[in-house]
Amino acid sequence: MKRTMMSLIGVSAALAAVTGVAAVTAPGGAAPDAPRGGTRLPVQRSALLCPAPTSSEVGETAYTAFAPQGAAAIADGKKGTAQLLPAGTVKDTGGTGEGKDKGKKGAKGGAADSAAGQAVPPRDTKPVVPLRQAGRPVTTTTDSADAPALVGTADGTLAPGWTVQQTTSVAAGAGRGLLGLGCTAPDTTFWFPGVSTATERQDYVHLTNPDSTPAVVDLELRGKDGALAGSGGEDISVPPHTTVPVLLSTLTDTPTTNATLYVVAREGRVGAAVQASDSKLGSDWLPPAADPSPSVVLPGVPKDATSVRLVALAPGESDADLKVQLATPTGMITPAGVETLHLKSGMTTAVDLKDLTKGEAGSLVLTPSDSGSKVPVAAALRVTRGKGAKQEMAFIPATRPVEKRATAVDNRGKDATLSLVAPEKGKDAKVKVTASAGSGGGTPVTKTYTVKGGTSLDAVPPRPTGLKGSYALTVEPAPGSGPVYASRMLARPQGGVPAFTVQPMPDDRGSVLVPTAGQDLSVLTG
């Protein structure tokens with residue numbers, strides 16, 4: 001299914017005028033300022049989806065929900081509620097999930113047959129992490145091996161910037177590691193560069209339907225030579241308020257180490273996230289990359305990374321030629337031997353960026369070799385820390401810029417590192433970072449950072465005074481600031497393994513442009 005972005009923007013603007021739900025911006029672009037005669041207002045309703053966290057018997061998952069303070073008053077004065085509810089699960093009948101053929105390459109039945117299996121309703125319908133006030137996170141934990149996926153909404157004053165994270169610690173086994181994921185909003189298309197169908201990987205895409213009507217989803221895998229041969233990735237039915245896990249290796253007969261997954265909801269909408277488990281490198285969630293764009297930013301490569309792999313794709317009809325640069329605290333540098341990157345149309349390219357950081361944290365920036373090129377690309381990094389048998393992987397997808405505000409939750413003690421990058425030379429970014437009150441108590445603290453254009457900054461973020469529990473970090477660019485991108489890393493060692501996870505911090509899209517009566521809606525598409 002292909003739609004023009006201009007059409008999507010126009011439709012979204014019209015819907016926003018009526019519902020105040022969300023704003024859509026062009027891929028990789030910043031949201032336009034309020035048009036002449038238009039008004040920027042906070043959204044009145046937000047939706048989030050969290051996949052089932054783990055099937056491990058030794059896993060523990062923390063859920064954290066938060067809404068930042070300071071949203072403008074909602075027109076109807078509604079105070080607001082925010083909560084998640086357990087979703088049902090489709091049990092596998094073939095080659096996916098918990099079925100008897102789990103893990104087999106090319107198992108008969110395929111994803112579509114699996115999705116047509118029995119839909120099992122949730123055991124419990126009790127709300128999870130219900131939020132009653134802005135400015136203070138709410139947390140809960142579970143050690144259940146069959147914890148369900150979650151679907152939920154926020155409305156009123158809690159809708160703008162509503163953020164939920166699930167953080168899972170698995171101490172042992174094939175899925176060991178620290179798995180973190182910011183729960184995602186439902187959509188119709190998703191790109192996942194960096195997936196794998198190799199024998200050492202078990203990658204599942206979790207498809208969750210938040211609505212009361214079924215969704216129909218197509219999955220396509222693209223390797224170094226284009227679309228991977230296979231069947232079973234079309235017409236996957238996702239029942240209402242239900243999640244469907246699909247093992248990617250069942251979609252192709254060709255084991256492929258570096259691939260890109262394209263998810264399209266042809267009917268309805270879904271949330272999508274990939275849980276990747278490596279036999280040697282542990283496991284983590286791979287969030288969807290930002291919409292394909294001519295220039296992409298991948299923020300937050302840690303200074304002690306021992307391996308960094310870039311996986312990228314030009315999904316359109318044209319090849320892409322890119323400059324590869326690392327934004328460091330002192331400026332842009334070019335990785336040795338990888339000054340440029342050529343992407344063939346529709347084919348996934350993977351490059352190992354050996355010794356990329358050289359002990360200095362940074363953020364990867366990909367820009368067109370020809371400044372006039374408009375060829376869109378999607379990209380993600382697989383980052384490894386540690387050595388030998390004590391290695392751990394995480395993923396950093398390309399992310400959207402922080403236009404108005406972004407939030408990361410479940411920060412505890414000194415386990416968090418905040419990464420900020422201002423990728424455009426001569427355009428410094430000035431950013432206000434607020435550490436919220438803790439879930440169990442504490443006083444918010446605010447600190448301002450200036451990131452020189454063409455550089456990145458890694459910092460131990462501020463912590464609330466008298467912190468008890470976990471807290472949220474909110475990033476807000478100052479008026480007139482240059483473009484800025486952000487991510488947050490959590491590092492929680494496990495028995496000598498440097499377990500970590502990185503969450504991109506895209507703009508929370510907590511406000512929407514609403515035209516005045518009689519205004520031409522086309523001005524909203526800028």
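Let me start with a term: buried means under 20% relative accessible area, exposed means over 50%, and partly exposed is in between, with a 1.4 Å probe and protein chains only. Keep that in mind for everything that follows.

What you see is a predicted model, where local features need pLDDT of at least 70, side-chain atom pairs count only at pLDDT 80 or more, and totals for chains, interfaces and linings use all residues. Residues are numbered from 1 along each chain as its sequence is written, and side-chain values use heavy atoms, with hydrogens and water left out.

First stop, the disulfide. By that I mean a pair of cysteine sulfur atoms within 2.5 Å. The structure has one. Its partners are C50 and C183, with sulfur atoms 2.0 Å apart. C50 sits in strand β2, residues 45–50, and C183 in the loop between β11 and β12 (189–195), so the bond ties together parts 133 residues apart in sequence. Strands here are DSSP runs of E, at least two residues long, numbered from the N terminus. Which hand does the disulfide have? The torsion about the S-S bond is about 110°, so the disulfide is right-handed. Are its cysteines buried or exposed? C50 is buried, at 0% relative accessibility. C183 is buried too, with a relative accessible area of 9%.

Next, charges. Side chains of opposite charge can pair when their charged atoms come close. We call it a salt bridge when a side-chain nitrogen of Lys or Arg is within 4 Å of a carboxyl oxygen of Asp or Glu. How many are there? The structure holds 15.

Take R176 and E392. Their side chains form a salt bridge, 2.7 Å from N to O. This pair links distant parts of the chain, 216 residues apart: R176 is in the loop between β10 (163–170) and β11 (177–182), and E392 is in strand β29, residues 390–397. R176 is buried, at 14% relative accessible area. E392 is buried as well, at 0%.

Now D304 and R385. Here the closest N and O atoms are 2.8 Å apart. Again the pair links distant parts, 81 residues apart, with D304 in the loop between β21 (296–301) and β22 (305–313) and R385 in strand β28, residues 378–387. D304 is partly exposed, at 37%. R385 is buried, at 11%.

K224 and D225 also pair, at 3.1 Å from N to O. Both of these residues are exposed. And there is a network of salt bridges, linking D410, R412, D415 and R492.

On to the nonpolar cores. A nonpolar core is a set of buried Ala, Val, Leu, Ile, Met, Phe, Trp, Tyr and Cys residues joined through side-chain atoms within 4.5 Å. The largest one has 31 residues. Which residues have the most contacts inside it? They are L298, L364, L366 and L381. Elements giving two or more residues to this core include β21, β22, β28 and β29. Apart from it lies another core, of 30 residues, among them F192, V217, L219 and L286.

Last, a look at T242. It is found in strand β17, residues 242–247. T242 is buried, at 6% relative accessibility. A polar atom of its side chain lies 2.8 Å from the backbone oxygen of P240. Contact means heavy atoms within 4.5 Å. Leaving aside neighbours within four places in sequence, T242 has contacts including A87, V90, L207 and N209.

That's the tour.

Key:
Helices (H or I, at least four residues) and strands (E, at least two) are DSSP runs, numbered from the N terminus. A polar contact is a pair of N or O atoms within 3.5 Å; within protein, one must be able to donate a hydrogen and the other to accept it, and residues adjacent in sequence count only if both atoms are side-chain atoms.
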